[in-house]
Amino acid sequence: MPQPALDLVIAALEKIREENDRAPRASRTALARLQDTPVAASLREVCTSPPGRQLQAARDKADLLAAVRERVGACTKCAHLACSRTQTVFGVGNPDADLMFIGEAPGADEDQQGEPFVGRAGQLLTRILKAMNFAREDVYIANILKCRPDMPAGGFGNRPPTPTEMQTCRPYLVEQIDIIQPRVLVALGAVAVEGLLGTRAAMRELRGRWHTYNSIPLMITYHPAYLLRNQAPSEKRKVWEDMLQVLERLERPISERQRNYFL
Ligand code: SF4
């Protein structure tokens, strides 16, 4: 294709990208044919980078989240937690994520680092995400509670949040979900379910099937910490099967290797 014609194609693709929610698409064959031309790189970039509206939406959501984060950082609604925390743990990830994970509360590692799911359970969550072909930056991760539940003096480990603490902090999570508007939510563990839905039930009754939160499909699965305590392959497989359902719901391609995968 002569250069002027290619310039016109690139300009048209850029216009589509700016004005639409979806990036323009080019077949692999078409891109392969253009491989050796000097404009191939420009075409590839136009066809693979996020479209303009999508970028703008992500920026707007990041600004809105930053405003909530600021309020959370100064929050003292639970006086006992505001005194004991090192810092609040707001949430992390893509403000425009399709997929959002919800855990219960920061533990000691998270309290120190200011980021959710960074301890051993967090590392396992990162591995699960990788197996789903996601990076942590692709999804959004938050907890019901933004402060670490305090421990008695000399106490060891972490404690689950109380119903009152969860009710007090829940509005911040609701705001996060309202801003991000993910296509799919995943609640990790029974405490997260209780905090989000106010429902108390055994995980074996809740997990593995679709629920909804404000019209958003919600998958409930075991907390990664449970998998660290219970190393039975059958339990790990259950979590992975829940994640396969999530991938299907998001219309993500699932390879044969992924179908047969065990965490
Ligand atoms: S747990 Fe939530 S509501 Fe309570 S002090 Fe921390 S940020 Fe505020």
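Helices α4 and α8 run roughly antiparallel to each other, because their angle is over 145 degrees. This is a predicted model, in which local features need pLDDT of at least 70 and side-chain atom pairs count only at pLDDT 80 or more, while totals for chains, interfaces and linings use all residues. Residues are numbered from 1 along each chain as its sequence is written, and side-chain values use heavy atoms, with hydrogens and water left out.

**Two partners of helix α8**

Helices (H or I, at least four residues) and strands (E, at least two) are DSSP runs numbered from the N terminus. Axes are lines fitted to C-alpha atoms, for helices over the stretch in contact, with angles from 0 to 180 degrees between N-to-C directions. Contact means heavy atoms within 4.5 Å.

| Helix pair | Axes | Angle |
|---|---|---|
| α4 (residues 52–73) and α8 | 9 Å apart | about 175 degrees |
| α8 and α9 (residues 190–197) | within 8 Å | roughly 75 degrees |

On the α4 side, Lys61, Leu64, Leu65, Val68, Arg71 and Val72 meet Tyr172, Glu175, Gln176, Ile179 and Ile180 of α8. The second pair is roughly perpendicular, a class that covers 65 to 115 degrees. Here Pro163, Met166, Arg170, Leu173 and Ile177 of α8 touch Val191, Glu194, Gly195 and Leu196 of α9.

**The sheet and strand β4**

Now to the strands, which pair if DSSP finds at least two bridges between them. Six of them form an open sheet with mixed pairing, in the order β1-β3-β2-β4-β6-β5.

How many residues of β4 are buried? Five of its five are, where buried means under 20% relative accessible area with a 1.4 Å probe, protein chains only. Val184, Val186 and Leu188 point one way, and Leu185 and Ala187 the other.

**The nonpolar core**

A nonpolar core is a set of buried Ala, Val, Leu, Ile, Met, Phe, Trp, Tyr and Cys residues joined through side-chain atoms within 4.5 Å. The largest one has 62 residues, and Leu99, Phe101, Ile102 and Ile177 are among those with the most contacts inside it. Helix α8 (residues 163–180) gives the largest share of this core, eight residues.

Terms used
Buried < 20%, exposed > 50% of the residue type's maximum accessible area, 1.4 Å probe, protein only. Parallel < 35°, antiparallel > 145°, perpendicular 65-115°, else oblique.
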